[in-house]
Amino acid sequence: MLRVSNVFAAIVGAVCLLALLLTLPNFFGEDTVEDWPSWVPSGQINLGLDLQGGSHLLLEADVDAVIEDRLETLVSDVRLALRTERIRYRGLGVRDERVTFRLVDPADRDAALEVIEELNPRGSVNPVTGGFDYQRRYEVEVEGDRVGIGFSEGGLDALIDTVVQQSLEVVRRRIDELGTREPTIQRQGEDRILLQVPGERDPAALRRLLGQTAQLTFHMVDMGTSPSEVRAGDASAGLMVVPSAETTEAGEPVNEWVLRRRVELSGENLTDAQASFQDNQPVVSFRFDTEGARKFADITSENVGRLFAIVLDDEVISAPRIQEPITGGSGVISGDFTVQEANELALLLRSGALPAPLTVLQERTVGPDLGADMVAAGEIAGIVGLLLVAGFMIAYYGTFGVAAVIALVVNLVLIAAALSSLGATLTLPGIAGIVLTVGMAVDANVLIFERIREEAKNGRGPVGAIDAGFRGAIRTIVDANVTTLIAAVLLFQFGSGPVRGFAVTLAIGILSSLFTALMVTRLLVSLWYQRTRPKALPL
C-alpha cells in the first residue's frame, strides 16, 4: 500500500535529523566546537594531506644494524653455551655477517653442533602472513675445525618483516601522541615506511621524534677501570665505554663512562613516562611494570652506594648514585633538559623503542595553498554537478523530480554525517567518490520513476502505479548498488592511502543512496499524494 505509517515517517525523520546534527560541527571552527557541551556531537571531517597540506616523509629501516646486533647477541649466547659445556674454542666473533669460531679439539665437533642446535629454533610465527615458518633461523656450516653460523634465507626474511612491522607500530604510537589526525603510515617495499601527517607544518619535529630509537637500558658503572684500559684490552671483556649525552661546545662528550655490558634492566619494562619538575628543573619520571619494579628493587638493594647509569641510544643521560633501595617501582631521569626535550623524551619512552634506526630518504612539505585550491575545485565540481542534476530531474520528472532532489540533498547530509562521526579523512579521491555518489543516487530514483511511468501507461491508477513502481525497482536498485558496494569493499581491502579514501566515501554513499531512494523518496511521494490526490500522475 502507498500509505506510510507514522512509525515509518518518524524513523526517517529521526535519521535525517540526527544526520543534520552530526554534520553541523563542520560549519564551525575547531575552537568553537571544543566549547560545546560534551553531549553535543562535535566530530568533524578531517582533510587529508592533499587538501590541507602537511608533511610527507619516506623512511628506511636500518636492517643491517639489527642484523649486526642480533649476531653480536648470538656471539654472547654461543660463548656462554660453549663454556657451560666446557668446549674449548678460539677466534669467536662476527665475520662476513656470520658468527665463526674454531674448535681447539676437533673431537668436540658433535658436542658443539648439539649446543648450536639448542640455540637454533625451528619455526616462528610470520608477522605478515600469520602462518608458521618451519625453516630454521640460522644456517650452520662446518669445515674441519671451523664453524660458521649465519641467518638462513627464511630467518632473515622473518627478521626483516618483524623489524619493519614493529617500526610501523612504534611510529604510529609516536605520531598519534603528537595530536595530529589520521596520519598515513604504511609499508613500502621491503624495508621502507611512508609517513604522511596532514596539518603538520614542521617536518623537523617529526625527524627529531623518529630519529631516536629510544633504546633505554640500565647498567652498573665500573669505577675501578678507566676508558683507556678498556680500549687497550687490559680490562674484562664484560666492560664497555659509553659517552655521556652532554657535550661541549665543540660537540665532544663531556665525560666517558665505563659500564658493565650486562643490561640490568631495559625499557621494555616501562609502563609510563611523564615530564615533570624536580628542584625547578625539567626531569622525566618513569614507572616500571611488576617485573621491572621487582628487578629495580633488587638492583638498588644490592648496589647501595654505587653508580647506576641510564643509557639512551648508546649515550649516558644520567648516572645517579644509589642512596638507598628503591622499592616503589618508579624513578626519575634528570639531566640538562629543556621542557621540550623532557616532553619528547617522555613521549619516546612511552611509545617504546624502535627496533632499528630510521633514515629519512625523502622529505616533502605540502603547503595549504594547493590544498585550498583543490577544496575550492571540489566544491565547484560538487555544486555544479548538483545543480545540473537537479535541473534535469525537475525538468524531466516535474514534482517527482523535486522529491528526488530533496532526497539527493539528504543523501549528501548523510554522507557528511557518517564521515564526521567516523572522524574520517577526506582526500581528493574521496571528493571524487562523493561526486560519483550524486549520480548513483539519482540513478536509483530514475529507475523508480521510469517504472512508475511504465505502470501508469499500462493502465494502473496513481496509487497502483506508484506502489508497483517502488516494489518493482527495489530488486534492480539493490542488485546494482550491492555489486558496486562489493567493488568498494575490495578497493578498501587491497588498496591503500587515497584509494581507501575513495572506497570509504563510495561505500557510505551507496548505503545512503539506498536509504534515500527506498525510504526518503517513498515518504516524500506518499506525503505528496496524500495531500493532493491527483487523478493522473505528472510524469
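Start by selecting L17, L20, L21, L24, F27 and F28, which make a nonpolar surface patch of about 600 Å². Patches are made of residues with over 30% relative accessible area and no salt bridge, with like charges joined within 9 Å and nonpolar side chains (Val, Leu, Ile, Met, Phe, Trp, Tyr) within 5 Å. The areas come from the Shrake-Rupley method with a 1.4 Å probe, and for residues only the protein chains shown count as cover.

The model is predicted: local features need pLDDT of at least 70 and side-chain atom pairs count only at pLDDT 80 or more, while totals for chains, interfaces and linings use all residues. Residues are numbered from 1 along each chain as its sequence is written, and side-chain values use heavy atoms, with hydrogens and water left out.

L21 has a relative accessible area of 41% and is partly exposed. Here buried means under 20% relative accessible area, exposed means over 50%, and partly exposed lies in between (1.4 Å probe, protein chains only).

Next, show the side chains of R90 and D145. They form a salt bridge, with the closest N and O atoms 3.8 Å apart. The term stands for a side-chain nitrogen of Lys or Arg within 4 Å of a carboxyl oxygen of Asp or Glu. The pair links distant parts of the chain, 55 residues apart: R90 is in strand 3 (residues 89-95), and D145 is in the loop between strand 7 (138-143) and strand 8 (146-151). R90 is partly exposed, at 43% relative accessibility.

From there, move to E97 in the loop between strand 3 and strand 4 (98-103). Its phi is near 60°, a positive value in a residue other than glycine. E97 is exposed, with a relative accessible area of 56%.

**Helices 14 and 15**

Now select residues 462-494, which are helix 14, and residues 498-532, which are helix 15. Two packed helices are described by the angle between their axes and the distance between the axes. Helix 14 and helix 15 pack at an angle of about 170°, and their axes are 8 Å apart. Axes are lines fitted to C-alpha atoms, for helices over the stretch in contact, and angles run from 0 to 180 degrees between N-to-C directions. The two helices are therefore roughly antiparallel to each other, given that angles under 35 degrees count as roughly parallel, over 145 as roughly antiparallel, 65 to 115 as roughly perpendicular and the rest as oblique.

R522 belongs to helix 15 and D467 to helix 14, 55 residues apart. R522 is buried, with a relative accessible area of 15%, and D467 is buried too, at 14%.

Follow helix 15 to the segment after it, where R533 is placed. R533 has a positive phi of about 50° although it is not a glycine. At 52% relative accessibility, this residue counts as exposed.

Then go to E455 and R460, whose side chains meet in a salt bridge (2.8 Å, N to O). E455 is buried, at 12% relative accessibility, whereas R460 is partly exposed, at 46%. In total, the structure holds 15 salt bridges.

Begin with D161 in helix 6 (residues 153-176). D161 is buried, with a relative accessible area of 16%.

Continue with R192 in strand 10 (residues 192-198). R192 is partly exposed, with a relative accessible area of 36%. From R192 to G48 the C-alpha to C-alpha distance is 21 Å, for a sequence separation of 144 residues.

End at I406 in helix 12 (residues 399-422). I406 is partly exposed, at 41% relative accessibility. I193 is 213 residues from I406 in sequence and 45 Å from it in space, C-alpha to C-alpha.

Key
Helices (H or I, at least four residues) and strands (E, at least two) are DSSP runs, numbered from the N terminus.
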